[in-house]
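Biologist: I have a new model open and want a quick tour. Can we start with the pockets?

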Amino acid sequence: MKLLILTALLGMSFAQFNPNTKHGRTSIVHLFEWRWADIAAECERYLAPNGFGGVQISPPSESIIVTNPSYPWWQRYQPIGYNLCSRSGNENELRDMITRCNNVGVNIYVDAVINHMCGAGGGEGTHSSCGSYFNANKKDFPTVPYSNWDFNDGKCNTGSGNIENYNDVNQVRNCRLVSLLDLALEKDYVRGKVTGYMNKLIDMGVAGFRVDACKHMWPGDLSGVYGRLHSLNTKWFPSGSKPFIFQEVIDLGGEPITSNQYTGLGRVTEFKYGAKLGTTIRKWNNEKLSYLKNWGEGYGMMPSDKALVFVDNHDNQRGHGAGGGSILTFWDARLYKMAVALMLAHPYGVTRVMSSYRWSRNIVNGQDKNDWMGPPSNGNGSTKPVPINPDSTCGDNWVCEHRWRQIRNMVIFRNVVNGQPFSNWWDNGNNQIAFGRGNRGFIVINNDSGYLDATLNTGMPQGTYCDVISGQKEGSRCTGTQVQVGGDGRAYFKISHTADDPFIAIHANSKL
């Protein structure tokens, strides 16, 4: 009997590492703060045709509405209940989006905020995204309902009630994160409410969850929640499929709470990845691309089958979370495209691409004073639609990095080379590198101050290939650079250090 239970638990935990993506699709895109109606349309017109596997959506649960500052992005991370209305849309629009995206083979992953409710100073009234009453001062959230009994205040040993020392594990997991009311997740009642919320979303057809602020929850409590989750909806997923779990654990080293305390429960966000890739591509601390030959586990990161990786996320592109100034974002477009291409070409981890919006930056002493700004909005705080320009880019301050040709084509590259080994590494001892993925793909990057001029072993079959960075294959021609691979698998590459995109990538499906 014990063996059966252990086998069931192991089966459950292993299943939670699988993103459940369809049709050989491998990458997730975070459509940060998009409306449900726009995501549904994007799944149909762009994500499915271009091989994206899934979308991470912003938290769909009812949250506070903050008017000072005016409708910040972080209000979505301060829930007051589990009703499904937010500035992205209502429950019917959410359901329609999940259905339409699933119908074209694009999964939906929900950003689940289950560590806390809103801030202790959130006041009382009906200033919430569904118009429900709550009283943060009295810890009264009647739509759930949660009361004074359901929070961790009695277990926090700091004078302020907030986390004051990140080297004290009990504080980090029992006290308030920046005054957010900390849920007592060890209580069966609280677990029941959290899993009820998550199971409703699973039954609607979501494929999994990005679980927010996991460092602030005990692994045993999370295990108690995950163990109650339903299998995925059999309308779109094989019977018995478990939700994909990827957990936000900020771990750059130096703290007692580490990501490996959570890797038994599901995948974990590998924050070292973007921080280190940023310092390397920026050439800080004399870092060089040539050092990336053992990128991944060789850099002290978690095992590849436990990691979810990204160049930037919604927190650290604003200077929060982890990585500081090294993090590459759309503001550094040239270096950013190079970093995302390297990530998508390399076999380590499950990859997530960021899709952002612009805000008016105000840098004072290295800090952006406008990092709070919410998405493009109308005067009443409602989110604006995402307009698509004739050239396929987005308008109205929506950045849409996932629609940049270089990034979209590397998402396709990753699908084409999926399952192929890391191979044919080459470097010049400095900041010019190249590597392949078996006989299915090859990428060459020049981040040096001079030309890259070399004949390299690609491992690819003989033929003419279209570079998918400068252009792509359209019919029987290349819209960008052509690459000739000889019978010996070798090809000549010349890349200027001043090129807009100083890298070239070819794959099996870009062959003429």
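This is a predicted model: local features need pLDDT of at least 70, side-chain atom pairs count only at pLDDT 80 or more; totals for chains, interfaces and linings use all residues.

Biologist: OK. By class, what lines the second largest pocket?

Modeller: Its lining has eight polar, five charged and four nonpolar residues.

Biologist: Which residues lie nearest the centre of that second largest pocket?

Modeller: Gln317, Arg318, Gly319, Arg361 and Gly366, out of 17 lining residues. The second largest pocket holds about 300 Å³ of space.

Biologist: And what volume does the largest pocket have?

Modeller: About 640 Å³. The largest pocket has 23 lining residues, and Leu177, Val178, Leu180, Glu248 and Asp315 lie nearest its centre.

Biologist: How many of the residues lining the largest pocket are nonpolar?

Modeller: 10 are nonpolar. Eight are polar and five are charged.

Biologist: Switching topic. Where is helix α8?

Modeller: Helix α8 covers residues 333–345, so 13 residues in the DSSP run. From first C-alpha to last, α8 reaches 18 Å, close to the 18 Å expected.

Biologist: Is α8 mostly covered or mostly open?

Modeller: Mostly covered: 10 of its 13 residues are buried. Among them are Tyr336, Lys337, Met338 and Leu344.

Biologist: Last one. Which domains does the assignment give?

Modeller: Domain 1 takes 17–269 + 357–398, and domain 2 takes 422–510. The centres of domain 1 and domain 2 are 39 Å apart, taken over C-alpha atoms.

Technical notes. Residues are numbered from 1 along each chain as its sequence is written. Side-chain values use heavy atoms; hydrogens and water are left out. On a 1 Å grid over the protein atoms alone, a cavity is a set of points where a 1.4 Å probe fits but cannot get out, and a pocket is an open set with protein on both sides within 12 Å along at least five of seven lines; lining residues have an atom within 4 Å of a point. Grid points are joined across faces, edges and corners, and a volume is the space filled by probe spheres set on the points. Ala, Val, Leu, Ile, Met, Phe, Trp, Tyr, Cys and Pro count as nonpolar, Asp, Glu, Lys and Arg as charged, and the others, Gly among them, as polar. Helices (H or I, at least four residues) and strands (E, at least two) are DSSP runs, numbered from the N terminus. The expected span of a helix is 1.5 Å times one less than its number of residues. Buried means under 20% relative accessible area, exposed over 50%, partly exposed in between (1.4 Å probe, protein chains only). Domain bounds come from an automatic or database domain assignment.
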